[in-house]
Structures are given as C-alpha cells and as structure tokens.
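Try each task before reading its solution.

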Amino acid sequence: MSLLEVNDLHVEFHTRDGVAKAVNGVSYTVDAGETLAVLGESGSGKSVTAQAIMGILDMPPGKITGGEVLFQDQDLLKLPREERRKIRGRKMAMIFQDALSSLNPVLSVGYQLGEMFRVHRGLSRKEARAKAVELMDRVRIPAAKERVNDYPHQFSGGMRQRIMIAMALALGPELIIADEPTTALDVTVQAQVMELLAELQDEFNMGLILITHDLGVVADVADKIAVMYAGRIVETAPVHDLYRAPAHPYTKGLLDSIPRLDQKGHELNAIKGLPPSLLAIPPGCAFNPRCPMARDVCRTDEPPLYEVGEHRASACHFWEEMLDAR
Ligand SMILES: Nc1ncnc2c1ncn2[C@@H]1O[C@H](COP(=O)(O)OP(=O)(O)O)[C@@H](O)[C@H]1O
Ligand code: SF4
Ligand SMILES: [Mg+2]
C-alpha cells in the first residue's frame with residue numbers, strides 16, 4: 001500500500017473562453033520516505049494536481065471530473081469538507097514558492113508558527129512559543145531565540161523558505177507537497193533549502209512530492225520523476241534511468257535544455273514552440289507540433305502510457321526508438 005495513490009485524476013476549469021482541461025488522467029504514487037519529482041513547463045497541470053490532492057482547488061472555476069486520491073487507502077475526494085480540513089496540516093502539508101505571500105506580514109514568525117500548536121494541539125502561548133523556537137532551530141535559522149519575534153519581511157528569501165518548511169513540518173505530516181519551493185531563490189540558496197528539505201524528509205520518513213520546472217534542482221534528491229505535458233504524465237521513471245535514457249522526446253528536450261558547465265557560452269537547446277492551450281489540446285499526441293520525431297500517426301492517435309521497463313512508462317509511440325538511440 002502506498003502512502004498516496006492518485007488514480008486517473010481529471011480536473012477542468014470552466015472559463016469564459018471554454019473548458020480548460022488542466023489535468024487529464026494523472027496517476028502517481030508516493031510511498032513513505034519517497035520523493036517524487038513532478039516536472040514540466042509552466043501550465044502543464046502540476047500545481048492543479050497538487051491542489052486537488054490537498055483539497056485547496058478553487059471550485060469553481062475548477063472541477064474534479066474524475067479519479068481518486070487515495071491517502072492511506074482512503075479516497076479523499078469522497079470525504080466531507082470538515083474531514084479533509086483535519087487532514088490538511090496534520091497529515092499532509094504544502095510548501096509554496098512564495099513565502100512572503102503565504103505568511104501573514106503583520107504577525108511575527110513565532111506567532112504564526114506557534115499558532116499551529118495553539119490551534120491544533122491546544123498548547124499555551126508560552127509552550128507554543130517554545131515550540132516555534134525549536135522548529136526554527138530545526139530548519140537552522142540562526143539565533144532562533146532572538147529572531148522569534150521578527151516579522152516575515154525581516155528575513156531573507158532563503159530564511160523565509162525555511163520558515164515555510166517549519167510551518168509545514170509543525171504537526172508532523174506524513175506527506176509534504178512542495179510546489180516550486182526554491183524557484184524564487186538564487187542558485188546557492190536553492191541548493192541549501194533543497195538539501196534541508198531532503199534531510200528532514202529522510203529523518204521523518206515523510207513522502208515528498210517536489211514540483212518543479214527545473215530538472216537541475218531535483219536530480220540529487222528525487223527517487224523518481226513524473227514528467228507532465230498538457231495535463232498528462234508523458235513519462236515516469238526512477239530518476240537515474242530517466243537521466244541516462246529518456247523514453248520520451250519531451251523529456252529529452254527538457255534534459256537538453258539544462259545549462260551545463262562544460263557548455264558555457266553555448267546557446268541552450270530549448271524546446272522550440274510553446275505548450276498548447278488547454279482549451280484546445282492538439283489531437284493525437286499533444287506534443288506533436290513541437291516534437292522533432294513526430295510522424296503522421298502522432299497527429300491522429302493519442303499514445304497510451306506504455307510500460308517501457310521496470311517502473312518506467314512513456315506516452316510516446318516511438319519510445320523504443322528513443323531507448324535504442326542510447
Ligand atoms: N484558477 C484557475 N482558473 C482557470 N484556469 C486555471 C486556474 N488555475 C489553473 N488553471 C488552468 O490550469 C492550467 C494548469 O495550471 P497549473 O497546474 O498551475 O500549471 P503548472 O504546471 O505551471 O503548475 C493553467 O494553464 C490554466 O489553464
Ligand atoms: S508520440 Fe510522436 S509526437 Fe508524441 S512524443 Fe512520440 S514521436 Fe513525438
Ligand atoms: Mg505551478
């Protein structure tokens with residue numbers, strides 16, 4: 001039994017311009033202690049999938065039109081609102097990209113961290129404050145005791161992101177979803193925050209879903225990767241297999257566009273074109289207008305997610321060619 005099992009999830013947005021099919025049959029699993037990286041360009045449905053799992057999707061305009069979200073074998077989509085609210089924070093927590101807009105600017109960091117313990121655990125103000133300091137220490141904020149009364153804007157971006165991690169960890173969740181947690185940070189700080197997150201995850205044996213558009217930052221921490229395109233998973237694989245031999249042209253395109261130290265000064269091989277509008281996903285393979293390998297069949301037949309190896313799947317008609325090319 002997996003900690004989390006998402007099965008064939010579908011999410012739509014009803015907008016003035018039509019129906020945006022944001023998530024079209026996503027399935028993935030996360031075990032305790034495991035890190036799943038969800039990768040894809042902006043607009044591929046990564047965050048919407050996460051919001052549906054967490055129960056924080058804007059409904060309307062969003063609508064879950066199918067699928068299951070099994071958490072510890074219980075389908076969260078069938079739970080009453082109040083039950084879901086209890087699971088949020090306590091059993092699963094989320095870390096967002098932008099700590100400044102997720103934290104309350106007029107309350108001290110210590111108050112906000114302490115609030116978790118007062119509201120959910122019934123601790124006194126003093127006990128909660130002590131817990132807040134303990135958490136700030138855990139995420140290695142220097143001089144936590146002296147800084148507990150500071151406000152969010154008094155911390156650097158990297159320190160604020162650590163505070164977000166502390167908030168997420170407060171109630172000892174079993175699953176953390178981190179949505180582009182380091183995207184707003186500079187590269188050195190990114191690595192430090194990512195390392196901290198990985199270390200805490202390991203220590204508490206939590207499941208972690210790490211959403212990112214940057215393959216570079218997840219290579220060292222992820223166990224497996226799910227690549228999303230136009231609301232679908234187009235490839236899943238253990239992280240090393242995916243790096244060594246991508247089985248989907250889109251994944252290869254993402255890999256080729258990672259800046260490499262040995263190619264300084266060279267132009268990056270970015271994938272040409274843009275992702276499709278979710279109001280009008282191309283027929284056949286959604287990637288076909290941008291795919292260097294596309295053939296006639298790609299414009300008419302949608303590729304299923306083929307099993308292409310142990311724990312590996314690819315939604316490309318020509319996955320064998322991809323793997324043979326290596
Ligand atoms: N609140 C919303 N209202 C309408 N459409 C939305 C909303 N949120 C997301 N979408 C649609 O879902 C698509 C996928 O969004 P998202 O999951 O945030 O992408 P990303 O992969 O960048 O996280 C968007 O491109 C947009 O079309
Ligand atoms: S199915 Fe065709 S268009 Fe889609 S990724 Fe494979 S080769 Fe490219
Ligand atoms: Mg997003």
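**Exercise 1.** Which handedness does the β-α-β unit made by S7, helix H8 and S8 have?

*Solution.* Keep in mind that this is a predicted model. Begin with strand S7, residues 175-179, then follow helix H8, residues 187-204, and end at S8. Together these three elements form a right-handed β-α-β unit.

**Exercise 2.** Find the strands that pair with S7, and say in which sense they run.

*Solution.* Take one partner at a time. Strand S6 (residues 92-95) is joined to S7 by 4 bridges, and the two run parallel. Here Met-94 sits opposite Ile-177 of S7. Now turn to strand S8 (residues 207-212): 5 bridges link S8 with S7, again in the parallel sense. In this pairing, Asp-179 faces Ile-211 of S8.

**Exercise 3.** Are the residues of S7 buried or exposed?

*Solution.* A residue counts as buried when 20 or more other C-beta atoms lie within 10 Å of its own. By that test, 5 of the 5 residues in S7 are buried. Next, sort them by direction: Leu-175, Ile-177 and Asp-179 point one way, while Ile-176 and Ala-178 point the other way.

**Exercise 4.** Describe the surroundings of ligand 2.

*Solution.* Start with the count: 13 residues surround ligand 2. The closest are Cys-285, Asn-288, Cys-291, Cys-298 and Cys-316.

**Exercise 5.** What does UniProt list for residues 4-255?

*Solution.* The unreviewed UniProt entry gives "domain: ABC transporter" for this span. In the model, residues 4-255 are 40% helix and 28% strand, and their end C-alpha atoms lie 27 Å apart.

Notes
Residues are numbered from 1 along each chain as its sequence is written. Chains are lettered from A and ligands numbered from 1 in the order in which they are written. This is a predicted model: local features need pLDDT of at least 70, side-chain atom pairs count only at pLDDT 80 or more; totals for chains, interfaces and linings use all residues. A residue is buried if 20 or more other C-beta atoms lie within 10 Å of its own, exposed if 12 or fewer, and partly exposed in between; C-beta atoms are placed from the backbone. Two strands pair if DSSP finds at least two bridges between them. A crossover is right-handed if, with the strands pointing away from the viewer, the path from the first strand over the helix to the second runs clockwise. A residue is near a molecule or strand if its C-beta atom, placed from the backbone, lies within 6 Å of it. UniProt positions are given in the numbering used here, feature names are shortened, and annotations may be inferred rather than shown by experiment.
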